[in-house]
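Here is a short report to read alongside your structure. Take a look at the view below, and then let's go through two parts of the fold together.

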Amino acid sequence: MGTSSGSNINQQSSYKMLPPRQQPLSGGLQTSLSLVTLDPMLSPDGQEPRSNSDNVRGSPTESASSRETWPTADASTAKKMENRKTEIDCHEQSVIRRISSADKISLRDVARERVDLISEKMHPLPDEFLEELKNGLRAILEGNGGSQHREEFLTLQKLVQSRTDLTAKTLIRAHRVQLEILVAINTGIQAFLHPNISLSQTSLIEVFVYKRCRNIACQNQLPAEDCTCEICTNRNGFCKLCMCVICNKFDFEVNTCRWIGCDLCSHWTHTDCAIRDGQICMGPSVKSVAAPTEMLFSCRACNRTSELLGWVKDVFQHCAPAWDGESLMRELDFVSRIFRGSEDPRGRKLSWKCEDLIEKMKGGFAESTACRAILMFFQELDIDSPKNLENGEGGRLIAPEEACNRIADVVQEAIRKMEMVANEKMRVFKKAHMALEDCDKELEDKAREVTELKQERQKKKLQIEELERIVRLKQAEADMFQLKANEAKREADRLQRIALAKSDKSEEEYASCYLKLRLSEAEAEKQYLFEKIKLQESSCASQSGAAVTLHR
């Protein structure tokens with residue numbers, strides 16, 4: 001029998017929902033956000049981080065709020081991160097100081113100014129400034145500043161939610177950081193600002209306009225599963241797959257009695273919310289013979305009831321072996337509070353048994369022993385049911401025909417449950433088969449990609465070898481040209497020396513010829529002068545002889 005919140009009482013339907021912990025966990029988004037609401041209209045509800053399942057029948061996986069707490073590392077890692085953050089902050093401040101005051105943008109500007117204007121202003125701004133802007137909003141959403149941060153957030157949210165121009169058409173032109181800030185302000189969830197969570201522009205716009213679930217671990221289109229109920233139709237941003245019908249929150253609790261699912265409409269409700277609002281109460285029983293009434297869950301979405309004892313039993317049978325001691329105590333406390341006001345003997349016994357086991361575990365009772373004890377107690381309740389069927393309450397004998405009718409009802413109910421389990425198994429099998437086929441296709445694609453990569457690698461290897469061969473050839477050519485250049489240089493040096501030697505010899509021969517020529521010229525001039533002197537002497541002698549003759 002699949003774990004469920006019971007069979008429907010008003011409608012004789014045998015459809016059952018699988019328990020949160022029975023859902024196959026996927027390899028999808030795993031997050032450890034723990035969110036606390038800043039909405040004053042909603043009571044804060046601290047929830048512990050849990051892993052989640054992406055199965056559509058699974059339990060909700062996150063709390064709708066405006067604050068998240070991320071897991072902290074050890075002290076040394078935290079100190080290193082703090083020092084690194086300080087360095088980054090100093091660098092960011094130095095960058096931000098260089099931005100003029102006219103170019104700066106505040107969170108209020110983003111919340112109230114036109115989308116296109118803010119987008120145009122954001123584009124030239126450095127990433128450090130935009131990250132600082134997001135950090136400022138994260139600090140406000142964390143609420144460490146007390147009432148001042150709360151008032152600032154409510155002011156920003158009022159500015160955003162009062163605008164009529166923020167539509168899917170206008171948000172397409174928004175800057176990425178601008179859109180993240182608007183979505184974080186509108187939903188109050190700072191996960192949209194975290195650098196490790198990157199949704200597409202379209203997804204952010206759909207979250208803002210309530211067309212996609214704001215739970216990052218869910219992200220289903222709204223209304224989920226095309227539900228046409230009043231709650232899914234009229235509540236903006238409500239997702240039936242992960243949110244409580246009463247408080248609109250989602251958290252990380254899965255595989256637990258903390259959530260109750262309706263068998264018929266598949267809506268989920270926090271157990272605490274159901275107890276607080278009176279959705280868990282006594283009602284007429286159609287299956288139990290031991291008492292005319294039993295504890296029932298009334299779904300606010302469809303106003304139909306489901307029994308709780310079978311649901312609790314199935315949750316424990318499927319999930320209790322995997323719980324640790326703290327989880328088991330918490331689940332026992334849930335069950336104890338569910339059946340605390342029960343008028344059904346089985347419900348009262350179950351409540352007393354849970355309280356007794358809680359006290360024993362506080363005194364050191366082993367969790368494995370407590371788990372076996374509660375599972376054994378459920379088996380005893382099942383054994384007691386046929387006895388009550390036969391004897392009636394207080395040993396009252398019943399007519400054989402009535403007993404046969406009741407036995408037939410029990411058999412029919414068992415058959416319906418078996419059919420439900422078979423259908424669910426078939427659905428799971430088909431889903432697993434489809435997933436296997438997808439994996440096979442993906443493996444084939446990957447194998448083809450690997451083959452292509454190998455071929456490309458071989459091609460690149462051949463190209464590299466060809467290039468290496470060309471390089472070696474060019475290197476040999478370069479060596480040969482270098483050798484010839486060296487030889488040419490040596491020949492040039494030799495010819496230069498020969499030219500210098502011939503030049504020196506030519507200069508010497510020129511100097512010798514020049515000197516000889518000058519010597520010949522000097523000799524000729526000497527001879528000329530000698531003859532001239534000689535002629536002058538002869539002329540003087542002739543003149544002297546003539547003078548003497550005349551004198552005589």
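## The buried side of helix H5

In this predicted model, four residues of H5 are buried: Phe153, Leu156, Gln157 and Val160. They sit on the same side of H5 because they cover an arc of only 100 degrees around the axis. If you turn to the other side of H5, you will find Ser147, Gln148, Glu151 and Lys158, which are exposed.

What lies over the buried residues of H5? The cover includes four helices: H2 (107-112), H4 (127-142), H7 (176-187) and H8 (201-208).

## The length of H5

H5 runs over residues 147-161, a stretch of 15 residues. From its first C-alpha to its last, H5 reaches 21 Å, close to the 21 Å expected at 1.5 Å a residue.

Now for the strands. Strands of a sheet pair through backbone hydrogen bonds, either parallel or antiparallel. Here, three strands form an open sheet in the order E5-E6-E7, and their pairing is antiparallel. Strand E5 (280-284) and strand E7 (305-307) are the edge strands, each pairing on one side only. From one strand to the next, the twist averages 55 degrees.

## Where E5 meets E6

How many bridges link E5 and E6? The antiparallel pairing of E5 with strand E6, which spans residues 293-298, runs over five bridges. For a handy landmark, look for Met282: this residue stands opposite Met295 in E6.

How values were computed. Residues are numbered from 1 along each chain as its sequence is written. This is a predicted model: local features need pLDDT of at least 70, side-chain atom pairs count only at pLDDT 80 or more; totals for chains, interfaces and linings use all residues. Side-chain values use heavy atoms; hydrogens and water are left out. Two strands pair if DSSP finds at least two bridges between them. Helices (H or I, at least four residues) and strands (E, at least two) are DSSP runs, numbered from the N terminus. Axes are lines fitted to C-alpha atoms, for helices over the stretch in contact, and angles run from 0 to 180 degrees between N-to-C directions. The expected span of a helix is 1.5 Å times one less than its number of residues. Buried means under 20% relative accessible area, exposed over 50%, partly exposed in between (1.4 Å probe, protein chains only). The arc is that of the directions from the helix axis to the C-beta atoms. Contact means heavy atoms within 4.5 Å.
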